[in-house]
Structure formats: structure tokens, C-alpha cells
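Keep the structure open beside the text and look up each part as we come to it.

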Amino acid sequence: MLCRAALRSLLCTHLGYDNARLSFGAADGGKPFALVDGRPVEVGFNVSHSGRHGLIAVAPAGRVGVDLEERVPRHDLDRLIEAVFGPDERTDLAAVAGDDRIRLFFRLWTLKEAVAKALGTGFSVDVSRFEIPQAIRSGESRGVLRIPQISEARWQLTAIDDRRFAAAVAREIGETIR
């Protein structure tokens, strides 16, 4: 796949090693990690693709997750909203209709999936247990999320939206936010 080749190239450039020395392992939850000469290296990365488009994130330290979704109408939208969103998120989604509802749904969906991928659990974690910060639900592109019942980490969330796609990055952050 093109995304995998691009990821290898980005990691080799970031780490300063040639392609022959880079390999990958997988943690218990299936999240991949990079190895150089068979040893794990401190770099976070994640890949997502939708249709013919892809998104890659590389972080020098800490966990990172990304998601990319093409904005297409879904026949099971109401069922998904009930399954993956918290009460305030469901209220926000109920307050909008048509294209605005689809736009908000995919914004929230990609942010939640990016967090789940960063955690390394995928959707084995119940993402309805946490809610995307109100500022991001209301249109801000960045915010901080903390999920004490799941992880002690704090997450810098970034929503990347356009007319056709919704995308998100969740990056683990330390005590200071830049």
C-alpha cells in the first residue's frame, strides 16, 4: 500500500536510518511500533485511510492516533450515534440536521477513533465513556481531552475538516501544552 510505503519513508527520515534497518512489531492491542535493528525506538506513529486518501502522523515521543473518513451519508447513523457518543454529544447531534449533522457526526467520530487508536485499544474501549470537549464540538479545531477512567494521559485533539473529509489527530501530551 502507498500509505505503508509513505510511513516507512517518513520514519526512516525522522529516525535517520535506512529502510533495511527498520521493521515493525505489534503491541498486545495490535498497535504497531517501530524497531531499528530489532530494538524498539521512541517514536509514535499512526496511519488511516479512506477511499484513495491517507493520513499519517509521526510524533517524536508519546502516543499518537489519527483517523480519516470520507463524509458520506450513513444508513445506520442513528444506531452509531447511540452506540458511540455520550449524552452531551448526542444532544449536540440532535440539534442539527442534514449536512450539518453529517459534518458533526464525522468530526466527533474521527476524534474518538483517533483517541482509541492512540490508546492502542481500537474500539475495544467504550468510546461513549468520554466526550469530545465542548469547544471542539462547537467548531474549535483544537482542544485538550483527559479520560481519567481510561488513562492518566492528556490528549491534544486536532480536528481537520473540509467539505469532503473529516480527519483528526490525538497526541499524548505532557504537563505543558504548546
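Let's begin with β1 and strand β2 (residues 32-36): the two run antiparallel and are joined by five bridges. To find one place where they face each other, look for A26, which stands opposite P32 in β2. As you look, keep in mind that this is a predicted model.

These two strands belong to an open sheet of three strands, in the order β1-β2-β3, and the pairing is antiparallel. Which strands sit at the edges? They are β1 (22-26) and β3 (39-40), each of which pairs on one side only.

Now move to helix α1 (residues 2-15), where you will find L11. Is L11 buried or exposed? Its relative accessibility is 0%, and since buried means under 20%, L11 counts as buried.

What surrounds L11? Setting aside neighbours within four places in sequence, L11 is in contact with G16, L22, F24, A34, V43, F45 and V58. One of these, V58, is 47 residues away from L11 along the chain, yet the C-alpha atoms of the two are separated by 7.6 Å.

## Two sides of helix α3

Next, turn to α3 and see how its residues are arranged around the axis. E89, D92 and L93 are buried. They cover an arc of only 100° around the axis, so they lie on the same side of α3. On the other side of α3 you can find P87, T91 and A94, which are exposed.

What do the buried residues of α3 pack against? Their partners are α2 (77-84), α4 and α5 (134-137).

## How α3 meets α4

Let's take a closer look at one of those partners. Helix α3 (residues 87-94) and helix α4 (residues 98-119) pack at an angle of about 155°, and their axes are 9 Å apart. Angles over 145 degrees count as roughly antiparallel, and therefore α3 and α4 are roughly antiparallel to each other.

Which residues make the contact? From α3 come E89, D92 and L93, and they meet R101, L104, F105, L108 and K112 in α4. Sorted by kind, the residues of this contact divide into four nonpolar, no polar and four charged.

Technical notes
Residues numbered from 1 in each chain as written. Predicted model: local features only at pLDDT ≥ 70, side-chain atom pairs only at ≥ 80, totals over all residues. Heavy atoms only, no water. Axes fitted to C-alpha atoms, helices over the stretch in contact; angles between N-to-C directions. Helix = DSSP H or I, 4+ residues; strand = E, 2+ residues; numbered from the N terminus. Parallel < 35°, antiparallel > 145°, perpendicular 65-115°, else oblique. Contact = heavy atoms within 4.5 Å. Nonpolar A, V, L, I, M, F, W, Y, C, P; charged D, E, K, R; others polar. Pairing = 2+ DSSP bridges. Buried < 20%, exposed > 50% of the residue type's maximum accessible area, 1.4 Å probe, protein only. Arc of directions from axis to C-beta.
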